[in-house]
Amino acid sequence: SGYRFVTRVADLEAVATRARRTTSRGPSALPTGRTAYRSLSDYEGELATLALANPGLVRRFELPRASADGRPIGAVEIASNVNATGDGRPEYAIFGLHHAREWPTGEVVMELAHDLVKSYGAPRVRALLDRVRVVIVPVVNPDGFVFSQEVDPMWRKNSPTRAVDLNRNYGAGWGGSGSSAVPTEPTYRGPSPFSEPESAAVHELSQRRHFTNVQSVHNIASRILRQPGFDEYGTVARDEARMKALGDAMGAATGYGSQKAVEFGEIHGATEDWNYIAQGAFGYTIELGSTGDGTFQGTYDTHVVSQYGGVREALLLAGEQAADPADHGVLTGAASAGATLRLRRDFTTGTLCSGCAAFADFVDTTLAVPANGRFEWHVGPSTRPWSSSPEAWTLTCTDAGGTERARRQIVVDRGQRVDVGDACRPPASGPGAQPAPPAGTPAPVVSRKPAARGVVGVVRLVVARQRVRRSTLLRRRALVVPLRLSGGSLRDVRVSLLRARRVVASRRLVRVASSQRVRLPLRRMPSAGTYRLRVRGVDGAGRVVVARAVVSVVR
């Protein structure tokens, strides 16, 4: 088509081979002094050694499911008095190597685990581990990682026998346009939400813990990305102010850009989407950068050593946020020593592909009551961030003999502290006795299906599919987009033409009050092919309306 091009990497396999080699003669500045990429056996050995050498500080465990090829997914939990069962501390999760070729992500996550143990005597780290439990999973995708190191350095997905992009397989918002239904595509989302054992393992881990902050580490875009990751539920999260403040601080620490993930590019079915949308945990993606050639697996010095200092600070900031009760809920009270408290919330998680159904979901956690009979339990908010009506936790108390003694509904908001009194005595009224909404009530959202229309209240926006000749676009220097609007007006309307998530052309309209034809200027003529047209605006109630359609450009 006459475009100029530049070859950035002539031989990817050669780059990967060089990246395996030691890049300096002496130890690096990393906590371990390491100078070369780890293998899977390195990770497994180091996780085990950390726990054996530090029994009161580190506990090794495996996620609830093994990988598709049967490999365990190893993790460590790091905290002061890590084996305590009744302290109710908030929990903070960090995940690496969802994508097999992103070797540096596992490295920085593993180095942080060593760092927390090595720096435990430092006041800042000690204070963090006194207040929060840190869960570290350096390799979520062991099958793909091994395949990437041994066969194909650019492999992205999980086991080649399944070949699913794990970071498109999580359930909240699964199936939207920021993923692919085609198995050969790199962003193939799999046949159903949580179809892959690796993503299902992370889901099941999250369901049983009160994660208050979740970091999913990727590379190589030099970004700190926060919720939301797609626009069907809205372009501004309920917790935007707090999440932006933390994201900007993390960006300042790393030198990376800080922005909402949807602004970087729509992704549906990402890890931390579920943790924020369903659990209420602040969710972020860290996209590592490099001081090298910008490939996924550059030299260890440029892609790991040079990145670690800033990323360490960012992850410590996120951990301190995870410990801050201003950003989650706290339950306090009394109960029979030795009893077990259980907190459960049932709800429905929505999907976003045409014809896909929402699915039953839950968070279900327990706390052993300490010997003194008093408890303080740091928990997620009972109401999900995108829900417009209050939701409740169900709190039950079961005595040491297994008999249920009490059951009640608890509504607790972010930053709220609720004293439930005697949790093992049925409440008559008072704090913590709020009625629960019907189980499984889905959160109201904007348009659950990404079809070529969006509906919010009575506002209706429709964009028709188009087939247009390239010669017509050359003559007009624009694409004419007919919009059909009824039931109200829209403000801050953005009309965008995209191909493979890249914006080809875009135009902003201050207000659209009726059906009209919008001229979308084209600075560069699109080549023949299939494009995606997206129109997004805000109605009078401040809710987002989105319409999509396909544009086919033919010669």
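Which helix provides the largest share of the lining of the second largest cavity? Please keep in mind that the structure before you is a predicted model.

The answer is helix H2, residues 40-53, which supplies 4 residues to that lining. The cavity itself holds about 80 Å³ of space, and it belongs to a set of 3 cavities of 30 Å³ or more found in a search of the whole structure. Its lining consists of Leu40, Tyr43, Glu44, Leu47, Arg60, Pro72, Ile73, Gly74, Val139 and Pro142. By class, these residues divide into 7 nonpolar, 1 polar and 2 charged.

Two or more lining residues come from each of helix H8 (261-264), strand E20 (490-499), strand E21 (502-512) and strand E23 (529-538). Strand E23 contributes the most, with 5 residues.

I come now to the disulfides, of which the structure holds 2. With the bonded cysteines numbered in sequence order, the pairing reads 1-2, 3-4.

How accessible are the two partners, cysteine 353 and cysteine 356? Cysteine 353 has a relative accessible area of 6%, so it is classed as buried, since the cut-off for that class is under 20%. Cysteine 356, at 26% relative accessibility, counts as partly exposed.

The other disulfide joins cysteine 397 and cysteine 424, whose sulfur atoms lie 1.9 Å apart. The link between cysteine 397 and cysteine 424 is right-handed, with 65 degrees about the S-S bond. Which parts of the chain does this pair tie together? Cysteine 397 sits in strand E13 (residues 393-398), while cysteine 424 sits in the loop between strand E15 (417-422) and strand E16 (453-456); the pair therefore connects parts that are 27 residues apart in sequence. Cysteine 397 and cysteine 424 are both buried.

A further element deserves a brief word. Helix H3, residues 103-118, has 16 residues and spans 23 Å from its first C-alpha to its last, close to the 22 Å expected at 1.5 Å a residue. Helix H3 is also mostly covered, with 15 of its 16 residues buried.

Finally, let us consider the protein as a whole. Its secondary structure amounts to 11 helices and 24 strands. The C-alpha atoms occupy a box of roughly 80 × 65 × 40 Å along the principal axes. Does the radius of gyration agree or disagree with that of a compact globule? For 555 residues, such a globule would have a value near 24 Å; the protein has 25 Å, and so the two agree. Of those 555 residues, 57% count as buried.

To close, I return to the opening question: the largest share of the lining of the second largest cavity comes from helix H2, whereas strand E23 gives the most to the lining of the second largest pocket. Thank you for your attention.

Definitions and conventions: Residues numbered from 1 in each chain as written. Predicted model: local features only at pLDDT ≥ 70, side-chain atom pairs only at ≥ 80, totals over all residues. Heavy atoms only, no water. 1 Å grid on protein atoms, 1.4 Å probe; cavity = no way out; pocket = protein on both sides within 12 Å on 5 of 7 lines; lining within 4 Å. Points joined across faces, edges and corners; volume = space filled by probe spheres on them. Nonpolar A, V, L, I, M, F, W, Y, C, P; charged D, E, K, R; others polar. Disulfide = S-S within 2.5 Å. Buried < 20%, exposed > 50% of the residue type's maximum accessible area, 1.4 Å probe, protein only. Expected span 1.5 Å × (residues − 1). Rg over C-alpha atoms; globule rule 2.2 N^0.38 Å.
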